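My entries follow in the order in which I made them.

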Amino acid sequence: KHLDQSLQVGKHFADNGITRLADLESDTGPETVDRILAALADKGKSARTVNVYRARLHALCEYQVHKTKRLTRNPVASVELRDERLDKRKVRRALTHAEALRLLEAAGPRRAFYATALWSGLRWNEIRTLRWADLTLDGDRPLIRDRAESSKHRKAAELPLHPSLRD
């Protein structure tokens, strides 16, 4: 994915007459970078995507400045990032109760997986790495132990187990 995105950045620059990084070293280099990134935004790319393209080019130029010494300065350093808050393409939200019920009805054999995700808040990998030993099904307080090695935050946690999951 990184290589594909880097090649796409290179293609956009080549389409605009920039075939070598040294072409960006002039005083108009940052303006050229900004113009090309603006053209990408005009073609419908999100602010996040434009910032990823800028980051790829910035990293490449940093490498050329500090490691290979082929550039004397990074022309991308002065190019401002796009404001991603103003250009939200994906609005993340929790499922409504009705949506969650429809998901569980349609889930078929994956119903237990989706129910665990919905009721516990565990991530996909955390659910995938659960062991029977991580579950306490008996007693007054059924729970799931999220082990530190499988947790995103690398901290162990005990989560209450919803009664429907226990069944």
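A patch takes residues with over 30% relative accessible area and no salt bridge, joining nonpolar side chains (Val, Leu, Ile, Met, Phe, Trp, Tyr) within 5 Å and like charges within 9 Å. Areas are by the Shrake-Rupley method with a 1.4 Å probe, and for residues only the protein chains shown count as cover. L95 sits in the loop between α3 and α4. I noted L95 as partly exposed because its relative accessibility is 44%; buried means under 20%, exposed over 50%, and partly exposed in between.

The model is predicted: local features need pLDDT of at least 70, side-chain atom pairs count only at pLDDT 80 or more, and totals for chains, interfaces and linings use all residues. Residues are numbered from 1 along each chain as its sequence is written, and side-chain values use heavy atoms, with hydrogens and water left out.

Next I looked up positive charge. K1, R48, K88, K90 and R92 gather in a surface patch; Lys and Arg count as positive, Asp and Glu as negative, while His and the chain ends are not counted. The charge is placed at NZ of Lys, CZ of Arg, CG of Asp or CD of Glu. K88 lies in the loop between α3 and α4 and is exposed at 59%. R92 is in the loop between α3 (47-68) and α4 (97-106), and is exposed at 73%. Helices are DSSP runs (H or I, at least four residues), and strands are runs of E (at least two), numbered from the N terminus.

Then I went through the salt bridges and noted eight in the structure. The rule is a side-chain nitrogen of Lys or Arg within 4 Å of a carboxyl oxygen of Asp or Glu. D15 pairs with K11, closest N and O atoms 3.0 Å apart. Both lie in helix α1 (residues 2-15), four residues apart, about one turn of the helix.

Which residue forms a salt bridge with D34? I found R82, with the closest N and O atoms 3.2 Å apart. This pair links distant parts of the chain, D34 being in helix α2 (residues 29-42) and R82 in the loop between α3 and α4, 48 residues apart.

E99 meets R93 at 2.9 Å, N to O. I also noted D134, R147 and E149, joined into one network by salt bridges that share partners.

Methods: Buried < 20%, exposed > 50% of the residue type's maximum accessible area, 1.4 Å probe, protein only.
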